[in-house]
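Here are some exercises to work through with the model open beside you. Try each task before you read its solution.

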Amino acid sequence: MRLRTFLAAGLGGLALALLVDPALAQTAATAAAPPASVPNKGDTAWMLVATCLVLMMSIPGLALFYGGLVRTKNMLSLLTQVFAIVCLVCLIWVFYGYSLSFTNGQGLNDFVGGFSKAFLRGVTPDTTSPTFSNGVVIPEYVYMCFQMTFAMITPALIVGAFAERMKFSALVLFMALWVTFIYFPIAHMVWYWAGPDAIGDAAKALAGAADATAKSAAEAKLAAVKADAGLINQWGGLDFAGGTVVHINAGIAGLVGCLIMGKRIGYGRDLLAPHSLTMTMIGGALLWVGWFGFNAGSNLEANGTTALAMVNTFVATAAAALSWLFVEWGAKGKPSLLGMVSGAVAGLVAVTPASGFAGPMGSIVLGLVAGAVCFVFCSTVKNALGYDDSLDVFGIHCVGGILGALATGILVNPWLGGAGIPDYEAKPGELAFATYAFGPAVINQIKAVLMTLCWSGIGSAILYKVVDVVIGLRVTQEEEREGLDLADHGERAYNY
């Protein structure tokens with residue numbers, strides 16, 4: 001009580017003094033610590049819109065895209081699976097997913113975060129998250145929600161690989177395990193870092209070190225700040241919007257799943273044609289629109305780089321759609337809507353890791369290559385190897401993601417119109433760009449791709465086996481012939 005009285009008297013005296021002599025107010029303000037960065041309302045508004053756009057990619061975009069590609073008797077099951085995954089991952093993310101992805105994991109920090117923000121502990125309307133510009137932040141709730149939409153769509157992509165044959169109960173258990181042990185660690189390894197201000201402040205301290213002792217301490221501090229990052233981030237791997245985290249990650253998990261579960265009944269013998277390419281086109285168009293939130297939103301603020309990512313998302317997608325269309329036209333004699341829409345998705349996948357690093361002309365070349373290469377994998381390679389990847393998750397997402405990730409290491413070169421590799425140490429306190437070196441840039445991308453393939457491929461195989469032992473992965477032959485709409489859900493997509 002005496003302390004409270006003393007403080008009140010002191011503060012009252014200070015206020016009186018400031019009223020009597022305004023010069024004291026100026027002195028006090030000068031001595032005060034500089035105010036923390038305040039989120040810009042424009043950046044915040046853009047990120048709120050981008051977050052909603054990415055959610056639209058899952059529901060209804062991906063749900064309709066996949067649903068149209070299966071047979072009528074399985075349409076509702078695909079819609080239900082995607083919607084259920086979105087809802088499941090939403091809750092897991094706020095319970096512990098955000099914390100495992102974007103906090104320091106102490107001894108395991110190279111691979112995964114910790115539980116310091118489990119159940120969103122410490123996250124409030126006033127806390128902020130860094131962007132890629134020094135001194136620029138956005139509300140942490142916005143960043144948390146934006147990253148949550150990425151976590152929602154990634155496991156939903158996997159279901160296309162084993163569509164029409166997995167138990168719904170097994171799907172729910174597998175996805176809960178998969179995001180926990182595969183997605184969150186990969187997201188942490190690629191995207192967790194201390195932020196530009198932490199690096200800039202440490203670099204400033206090093207530049208201002210007055211003697212050898214201070215310099216040594218500053219060097220140790222800078223090294224510690226740079227080490228406060230996921231393993232692939234420390235390697236220098238570039239992934240602007242999710243080539244490794246989302247597409248390679250989901251694509252290889254899908255391939256492993258369809259191999260473990262085996263082929264659909266009648267695969268290679270019966271016609272297993274899509275029941276509604278109209279739905280698929282609608283879903284594909286929604287994916288393209290939503291992808292502007294995915295790619296341009298990944299800059300975390302509204303500036304020129306955001307516009308660059310938007311342009312690249314336009315041109316790479318258009319190039320890939322036309323590339324697939326014309327290659328298929330030449331190979332099969334007729335241009336198809338399914339081919340063009342599939343090519344568009346392949347272009348979106350390929351440009352995702354490069355969207356904020358490549359120039360528009362480089363992105364067009366990437367799209368042209370992605371459309372042709374993914375067509376070959378979804379037709380020639382798939383037929384030659386005989387695996388039943390129902391909706392070409394591996395051929396589009398994994399192959400397209402690998403192509404885009406590797407190309408990012410090349411197209412980031414300013415000589416090719418790229419933006420350059422960010423460097424927050426060269427000019428402490430502002431964003432500069434490192435001198436481009438082809439070898440290290442490409443090697444870093446190769447390491448990121450291989451790490452993702454191994455972590456997700458091996459880890460997913462283990463999780464499939466665990467679920468198979470506990471529940472069983474596949475529906476019975478009778479249920480598969482009847483269709484999962486009725487077998488799993490007791491209702492139909494169409495009643496006529």
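Keep in mind throughout that this is a predicted model.

**Exercise 1. Is Glu140 buried or exposed, and which residue forms a salt bridge with Glu140?**

Step 1. Start with accessibility: Glu140 has a relative accessibility of 2%. Buried means under 20%, so Glu140 counts as buried.

Step 2. Now look for a charged partner. Side chains of opposite charge can pair when their charged atoms come close. Glu140 pairs with Lys117, and the closest N and O atoms are 2.5 Å apart.

**Exercise 2. Find the salt-bridge partners of Asp388, and say which residues are joined into one network.**

Step 1. One partner is Arg165, with the closest N and O atoms 3.7 Å apart. This pair links distant parts of the chain, 223 residues apart: Arg165 is in the loop between α5 and α6, and Asp388 is in the loop between α14 and α15. Arg165 and Asp388 are both buried.

Step 2. Asp388 also forms a salt bridge with Arg264, where the closest N and O atoms are 2.9 Å apart. Arg264 lies in the loop between α10 (243–261) and α11, so this pair ties Asp388 to a part of the chain 124 residues apart in sequence.

Step 3. Compare each residue with the cut-off for buried, which is under 20%. Asp388 has a relative accessible area of 2%, and Arg264, at 9%, counts as buried as well.

Step 4. For the whole model, the count comes to ten salt bridges.

**Exercise 3. Describe the surroundings of Ser77.**

Step 1. Locate the residue: Ser77 is part of helix α4 (residues 75–102).

Step 2. Its relative accessible area is 0%, so Ser77 is buried.

Step 3. The Ser77 side chain reaches the backbone oxygen of Asn74 at 2.7 Å.

Step 4. Beyond the neighbours within four places in sequence, Ser77 is in contact with Leu484, Asp485 and His489.

**Exercise 4. Inspect the backbone at Pro60, Leu300 and Asp392.**

Step 1. The peptide bond from Ile59 to Pro60 is cis, with omega near 10°. Pro60 is found in helix α3 (residues 41–69).

Step 2. Leu300 is not a glycine, yet has a positive phi of about 70°. Leu300 lies in the loop between α11 (277–296) and α12 (304–332), and at 5% relative accessibility counts as buried.

Step 3. Asp392, also not a glycine, has a positive phi of about 60°. Its place is in the loop between α14 (360–385) and α15 (393–411). At 18% relative accessibility, Asp392 counts as buried.

Key. Residues numbered from 1 in each chain as written. Predicted model: local features only at pLDDT ≥ 70, side-chain atom pairs only at ≥ 80, totals over all residues. Heavy atoms only, no water. Helix = DSSP H or I, 4+ residues; strand = E, 2+ residues; numbered from the N terminus. Buried < 20%, exposed > 50% of the residue type's maximum accessible area, 1.4 Å probe, protein only. Polar contact = N/O pair within 3.5 Å; in protein donor to acceptor, adjacent residues only side chain to side chain. Contact = heavy atoms within 4.5 Å. Salt bridge = Lys/Arg side-chain N within 4 Å of Asp/Glu carboxyl O.
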